[in-house]
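Here are my notes for someone opening this one for the first time. Have the sequence and the 3D view side by side, and follow the points in order.

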Amino acid sequence: MSTPTSTSGKSGTIVVSALHARANFGKLLERVDDERRSLVIEKRGTPKAVLLSIRDYVRLAAPEPEVLRVIGRESERNGTSSLSSRQIDRLIKTSRLQRSKR
């Protein structure tokens, strides 16, 4: 049985239809993990979702340690490193209100 998949781009992204993804989800999960590639799921030719390995997701979702260090130094320099969650929420709310008035 042939699988209606295609590969495109430098990264070797796998593109499949939603129907194929549903029918072969377990195999596609293994392939994404084993081959360290992403999977684009299309419905009627339009990309609707992306399936990533957990490693790729964590890499995208978690900032790099150096970025965190820079943010921490900047926070200390600005005097915002000791703010409570409630104070941060108030600052965000105030900032948003000021932006909406512009």
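1. **Contacts along the chain.** Of the contacts in the chain with a separation of 6 or more, 27% are between residues 24 or more positions apart. Contact here means heavy atoms within 4.5 Å.

2. **What kind of model this is.** You're looking at a predicted model, where local features need pLDDT of at least 70, side-chain atom pairs count only at pLDDT 80 or more, and totals for chains, interfaces and linings use all residues. Residues are numbered from 1 along each chain as its sequence is written, and side-chain values use heavy atoms, with hydrogens and water left out.

3. **The layout.** The chain has 5 helices and 4 strands. Helices (H or I, at least four residues) and strands (E, at least two) are DSSP runs, numbered from the N terminus. Starting at that end, the order reads β-β-α-α-β-β-α-α-α.

4. **Surface and burial.** The accessible surface of the chain is about 8,400 Å², and 54% of that belongs to carbon and sulfur atoms. These areas come from the Shrake-Rupley method with a 1.4 Å probe, and for residues only the protein chains shown count as cover. Of the 102 residues, 19% are buried. Buried means under 20% relative accessible area, exposed means over 50%, and partly exposed is in between (1.4 Å probe, protein chains only).

5. **The core.** Which residues make up the largest nonpolar core? There are 8: Ile14, Val16, Ala21, Leu28, Val32, Leu39, Ile41 and Leu51. A nonpolar core, for the record, is a set of buried Ala, Val, Leu, Ile, Met, Phe, Trp, Tyr and Cys residues joined through side-chain atoms within 4.5 Å. In soluble globular proteins, nonpolar side chains tend to be buried together.

6. **Strand pairing.** β2 and β3 run parallel and are joined by 4 bridges, while β3 and strand β4 (residues 46–51) run antiparallel with 5 bridges. Two strands pair if DSSP finds at least two bridges between them. Leu39 is a handy landmark in β3: Ile14 stands opposite Leu39, and in β4 the bridge partner of Leu39 is Leu51. The hairpin of β3 and β4 has 2 residues between the strands, and Arg44 takes a positive phi near 55° there.

7. **Leu51 up close.** What does Leu51 touch, not counting residues up to four places away in sequence? The answer is Phe25, Leu29, Val32, Arg37, Ser38 and Leu39.

8. Arg31 and Glu35 make one of them (3.3 Å, N to O); both lie in helix α2, 4 residues apart, about one turn of the helix. Arg31 is partly exposed at 24%, and Glu35 is partly exposed too, at 35%. Glu74 and Arg77 form another (2.3 Å, N to O), this time in helix α4 (residues 65–78), 3 residues apart, about one turn of the helix. Glu74 is partly exposed at 34%, whereas Arg77 is exposed at 60%. Salt bridges that share partners also join Arg31, Glu35 and Arg37 into one network.

9. **Ser53 and Ile54.** Is Ser53 buried or exposed? Ser53 counts as buried, at 4% relative accessibility. Ser53 lies in the loop between β4 and α3 and, leaving aside neighbours within four places in sequence, is in contact with Val32 and Asp33. Ile54, in helix α3, is exposed at 61%.

Technical notes: Salt bridge = Lys/Arg side-chain N within 4 Å of Asp/Glu carboxyl O.
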